[in-house]
There are 2 protein chains.
Amino acid sequence: MLNRMEMVRIFCTAAEAGSFREAATRLGISPQGVTRAIQALETELGESLFHRNTRQVSITAFGQDYAKDARSALDHFDTLFRSHRTEPELSGRVGITAPHAIGRRFLIPFLQPLAAAHPDLQFDLRLEDQMTDAVEAHIDIGIRVGVIRDRRYVARALAPVPFYVVACPSLIGQKTPPESLDALAKLPLSVLIDRKNGRPWPWLFADGQTFAPRQPALICDDPDTELEATLAGMCFGQIPAYLAEPHLRSGKLVAVLADHAPAPWDLFIYRPQQGPVSKRVRLVYDHLKQAFSNPKLFPQGLGT
Amino acid sequence: MLNRMEMVRIFCTAAEAGSFREAATRLGISPQGVTRAIQALETELGESLFHRNTRQVSITAFGQDYAKDARSALDHFDTLFRSHRTEPELSGRVGITAPHAIGRRFLIPFLQPLAAAHPDLQFDLRLEDQMTDAVEAHIDIGIRVGVIRDRRYVARALAPVPFYVVACPSLIGQKTPPESLDALAKLPLSVLIDRKNGRPWPWLFADGQTFAPRQPALICDDPDTELEATLAGMCFGQIPAYLAEPHLRSGKLVAVLADHAPAPWDLFIYRPQQGPVSKRVRLVYDHLKQAFSNPKLFPQGLGT
DNA sequence: TATGCTATTCCTGAAAATGGAATAAATGGG
DNA sequence: CCCATTTATTCCATTTTCAGGAATAGCATA
């Protein structure tokens, strides 16, 4: 048996055409198909829709009534595909996730022109420093530093993210600026807690060397707070470029151990791969891609 | 790609269930099917309906909106099959065709009790002495004397229809009652015109013998008029039993040549075979079948 | 850390739909 | 008056599609 949808659709065409042959040509199918569909529908309904003879067909009184309802239901159903497919301009929700530090600094200025150009776009920002999937479930676009392992995301590296060991000039004046990794151990240091597992991130250096401070002067789980502490002269910290850059430029922070710098990480933009990408998401995605890639657009610089 | 109907139906279930697995069990299909349907629908729409990861799904804002419309369209569509299938009591049109002579005499009295019992039944009587298909196109039940050749009808013989050669007593008193077929030629006779081809029906006799009157006293195309003419003493006529019977009984007509009587024809009831038979048509069909078959129900007799 | 569960992809056997050829009957023209 | 043409229909073989089992990936929970 054919599926009900097609049965009804064929019936409606036949009712309008007045002949099975005409209906067949209109639908681009064979006349047998029309016969079959109508027969199936009649069996399903327990009522005849057409009176027939070998030469012509003529719609039943019942069929005429039925055609009205069928046409209406069919139209209703088709709007599910038509009116929803045509997006009436770019509008709707776009869920974006990013680490707090990046989101606060860059997302708003980057998105502002887009919001002005497309007032019906609704941005839903979920600033999280970790990739928690429960939250990401409502995410259309994500920004992360590091590697996107999940292959169900399509990810793209936008910019390198160097890490600097920094402190404020006054602290450096008090202590001896370190020349080697060993010298670090004697200085007040900060460590960042990985929210995922509650463990401290090790400091990273060239050639894959890592260093775990024994007695850190500061432990916290927020990079921005870590930055504040270094600015306040509390400690030395290993800070990503996008946080340190403006302060290095203004002289509020000074970088040390530059020749032990680790290989920079990457800033990634990503989005769920499965399913199609709507116009509005594509728009925001491309815009952010360009904004984060183009050094001229970074008011405060982002590495390199 | 699946058909749209199923796609939307599966999506609605998934939206309500909140999990593809649950949706699959509710629908009695496999989880793969749910995945496939949702993916197809998303491709069709150009929008994601669910945010997913390997472990769970979560409906999109767009998906939530869409589910409302989809559910509504689905319900609308399903009423096409539900509300139309359940016949709210026996009601609606029943098209019946019969020869004039039979229709006038029997159909109304036979149908009267049915009309009283089912006030919503609408009888559409089309009295025609020939099987013209253009008219029959709107016929649910037919009554005919003779053979139903068309195999797309299901026909059933109800009663034999003998033919009598009759005249009124006064005419028989004037002329010599015929003892053989040859004697007929000298008498005033009537012939009936076959409306189908405009030709006279030959008189029929035993062993397949036929007789075509050369100079008929009356030519007409209506059996009832032919009967009137014989009652008025205008001519001898070969009249079917259901017309002649009451007058034979009352003595207004007398039968002759009884030993040359042809094999009786049959009274048939028939209905279109294709498509299902609705309850109301079945009811009327069965009722008429019984009414025409049961001799006790014939107030005026119908042969044998 | 290990186990279980869920979504997903791939693949193969099974089911269904599709259209060609043939049949039946009615219409229209020579 | 008969024959060719047209239309609905049935039968059948081919092709397409569908459906679920097995396997994979990744998240969640104990």
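Author: Helices are DSSP runs of H or I with at least four residues, strands are DSSP runs of E with at least two, and both are numbered from the N terminus. By that rule, B:A23 sits in helix α2 of chain B. Residues are numbered from 1 along each chain as its sequence is written, while chains are lettered from A and ligands numbered from 1 in the order in which they are written. This is a predicted model, in which local features need pLDDT of at least 70 and side-chain atom pairs count only at pLDDT 80 or more, while totals for chains, interfaces and linings use all residues.

Reader: Is B:A23 buried or exposed?

Author: The general idea is a count: a residue is buried if 20 or more other C-beta atoms, placed from the backbone, lie within 10 Å of its own, exposed if 12 or fewer do, and partly exposed in between. B:A23 has 24 other C-beta atoms within 10 Å, so B:A23 is buried.

Reader: Which residues is B:A23 in contact with, leaving aside its neighbours within four places in sequence?

Author: Two residues are in contact if their C-beta atoms, placed from the backbone, lie within 7 Å. With those sequence neighbours left aside, the contacts of B:A23 are B:I10, B:T13, B:A14, B:A17 and B:V34. For B:V34, the separation from B:A23 is 11 residues in sequence and 7.4 Å in space, C-alpha to C-alpha.

Reader: And B:V254, where does it lie?

Author: B:V254 is in strand β14 of chain B, residues 254-256. B:V254 counts as partly exposed because there are 19 C-beta neighbours inside 10 Å. Beyond four places in sequence, B:V254 touches B:V166, B:A167, B:P169 and B:I172. B:I172 is 82 residues from B:V254 in sequence, yet their C-alpha atoms are 8.2 Å apart.

Reader: Which residues of helix α10 of chain A are buried?

Author: In α10 of chain A, residues 241-250, they are A:A241, A:Y242, A:L243, A:A244, A:E245 and A:H247. These residues pack against α5 (100-117), β6 (153-161), β7 (163-167), α9 (223-231) and β13 (237-240) of chain A. Just after the helix, A:G251 has a positive phi of about 85°. In α10 of chain B, B:A241, B:Y242, B:L243, B:A244 and B:E245 are buried.

Reader: How is chain A divided into domains?

Author: Domain bounds come from an automatic or database domain assignment. In chain A, domain 1 is 4-85, domain 2 is 95-152 + 273-297, and domain 3 is 163-260. Between the C-alpha centres of domain 1 and domain 2 of chain A there are 48 Å.

Reader: What does UniProt list for residues 5-60 of chain A?

Author: An unreviewed UniProt entry lists that span as "domain: HTH lysR-type". UniProt positions are given in the numbering used here, feature names are shortened, and annotations may be inferred rather than shown by experiment. In the model, the span is 64% helix and 11% strand, and its end C-alpha atoms lie 21 Å apart.

Reader: What rotation superposes chain B on chain A?

Author: Copies are superposed by least squares on the C-alpha atoms of residues with pLDDT of at least 70 in both. Here the rotation is 180° with 0.1 Å of shift along its axis, at an RMSD of 0.1 Å. The two copies are therefore related as by a two-fold rotation axis. In chain B, the C-alpha nearest the axis belongs to B:M5, at 3.1 Å. Of the contact residues of chain B, 100% recur in chain A, so the same surface serves both copies.

Reader: How many residues of chain B are in contact with chain A?

Author: There are 38 residues of chain B in contact with 38 residues of chain A. On the chain B side, α4(B) gives the most, with 12 residues. That side divides into 14 nonpolar, 15 polar and 9 charged residues. In this grouping, Ala, Val, Leu, Ile, Met, Phe, Trp, Tyr, Cys and Pro count as nonpolar, Asp, Glu, Lys and Arg as charged, and the others, Gly among them, as polar.
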